[in-house]
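Let us walk through this protein together, from its overall build down to a few single residues. Keep the view open beside you as you read.

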Amino acid sequence: MSDGIPCIWMRGGTSKGGIFNAADLPSDPAQRDQVLLEIMGSPDDRQIDGMGGADPLTSKVGIVKKSSHPECDVDYLFLQVFVDQAIVTDSQNCGNILAAVGPYAIEQGFVSITEDVTQVSVFMENTGQIAVLQVQTPDGKVTYKGGSSIDGVPGTSAPVTCEFKETAGSTCGALYPSGNLKDSVDGVDVTLIDNGMPVVILRASDFGISGTESRDELDGNTALKRRLEDIRLQVGPLMNLGDVTEKSVPKISLVSAPMHHGCISTRTFIPHRCHASIGVLGAVSVATAAITPGTVAYPLAEVPDGDEKTLPVEHPTGEMTVVAYTNGDGLQSAALLRTARKLFEGTVYPLEE
């Protein structure tokens with residue numbers, strides 16, 4: 001491994017990390033994970049000896065290969081590299097890094113450019129689901145320049161539209177894995193949901209907070225975080241996730257009424273630090289609960305009429321808009337607007353053997 005490994009470092013949505021061709025990494029998962037820990041510089045709070053940015057949102061990896069699935073162009077495996085622990089987990093998807101996979105797949109020759117917009121169908125290995133991306137390719141090449149903006153990222157970029165299909169129960173086996181729209185844990189109402197991301201939804205007011213606090217304020221509230229973690233550990237088995245002590249799922253999302261004309265307000269823990277915004281698939285799960293009568297989120301939400309619902313999910317740095325396509329049977333699919341940017345292309349080096 002001393003010769004290094006080809007890699008493209010990319011921002012996808014409000015996250016960033018390394019995107020790799022699967023052929024360039026060890027095929028053995030244990031060896032691969034050790035290499036990625038060394039590349040990121042984990043475990044270390046600063047990740048000073050690696051490429052990681054000392055935050056879960058900047059310690060991510062996407063692994064891409066040509067797909068064997070007839071409906072898809074590429075397979076995408078997402079890996080979360082913990083910052084302060086020697087853990088690499090594939091227990092979740094990441095819709096933000098997914099936005100970078102589309103441009104990467106085109107630039108690396110996995111997908112041929114068709115028109116000004118090129119469609120990339122992605123099989124998400126973590127959960128066995130399919131996402132369809134629309135990537136801007138004017139003049140026969142990927143462009144990262146454009147007029148689209150997303151909260152949490154300065155400036156504007158070319159849009160990457162991500163539509164998620166059949167994500168219900170992708171990790172937990174059912175949209176509401178406990179079989180209930182609402183459960184009670186330690187006297188607190190919770191909604192346990194998985195529409196692409198396992199999420200525990202709770203009312204912020206049940207914890208003596210407004211739900212409008214800053215990320216830093218909530219990160220500093222150790223008593224709150226201890227209580228949330230206790231609940232998270234208890235619901236792991238209810239969500240068919242087992243012991244989640246060393247897992248990055250389920251996430252915790254504290255919800256409250258919207259403050260800025262959105263659908264609902266959130267403060268999300270991922271799971272031990274408060275998210276600066278909210279994950280793409282986490283937003284899909286929260287938005288699904290928000291439009292479903294009987295959940296913890298529904299009484300707090302402002303839900304528009306119609307089969308196509310635009311649902312701005314508010315978070316500490318703005319909002320993430322989920323477009324939900326529904327009919328009488330509930331949610332059919334959801335799409336989000338993301339952006340991406342290539343930061344550098346080159347070679348990364350794990351520790352020499």
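Helices (H or I, at least four residues) and strands (E, at least two) are taken here as DSSP runs, numbered from the N terminus. You are looking at a predicted model, in which local features need pLDDT of at least 70 and side-chain atom pairs count only at pLDDT 80 or more, while totals for chains, interfaces and linings use all residues. Residues are numbered from 1 along each chain as its sequence is written, and side-chain values use heavy atoms, with hydrogens and water left out.

Let us begin with the whole. The protein has five helices and 16 strands. Its radius of gyration (over C-alpha atoms) is 19 Å, close to the 20 Å that the globule rule (2.2 Å times the number of residues to the power 0.38) gives for 353 residues, so the protein is as compact as a globular protein of that length. Along the principal axes, the C-alpha atoms fill a box of roughly 55 × 45 × 35 Å. Of the 353 residues, 56% are buried; buried means under 20% relative accessible area, exposed over 50%, and partly exposed in between (1.4 Å probe, protein chains only). If we take contact to mean heavy atoms within 4.5 Å, then among contacts between residues at least 6 apart in sequence, 61% join residues at least 24 apart.

Charges come next. Counting Lys and Arg as positive and Asp and Glu as negative, with His and the chain ends not counted, the protein has 25 positive and 45 negative side chains. With each charge placed at NZ of Lys, CZ of Arg, CG of Asp or CD of Glu, the centres of the two sets lie 4 Å apart.

Now for the aromatic rings. Rings of Phe, Tyr and Trp (its six-membered ring) pair if their centres lie within 6.5 Å; planes under 30 degrees apart count as stacked, over 60 as edge-to-face and the rest as tilted. This rule gives two aromatic pairs. In one of them, Trp-9 and Phe-344, the ring centres are 6.0 Å apart and the planes meet at 10°, so the pair is stacked. It links distant parts of the chain, with Trp-9 in strand E1 (residues 5–12) and Phe-344 in strand E16 (residues 330–348), 335 residues apart. Trp-9 is buried, at 5% relative accessibility, whereas Phe-344 is partly exposed at 32%.

The loops deserve a visit too. Between strand E7 (129–136) and strand E8 (159–165) you will find Ser-148, which is buried with a relative accessible area of 16%. Beyond its neighbours within four places in sequence, Ser-148 is in contact with residues including Pro-159, Leu-337 and Thr-339. The loop between E7 and E8 also holds Asp-139. Its phi is near 60°, a positive value in a residue other than glycine, and Asp-139 is exposed at 75% relative accessible area. Glu-166, in the loop between E8 and strand E9 (183–185), has a positive phi of about 50° although it is not a glycine; Glu-166 is exposed at 67%.

Finally, look at the peptide bonds. A cis bond with omega of about 0° joins Ser-42 and Pro-43, and Pro-43 sits in the loop between helix H1 (29–40) and strand E3 (60–66). A cis bond also joins Val-249 and Pro-250, with omega about 0°; Pro-250 lies in the loop between helix H4 (222–235) and strand E12 (251–256).
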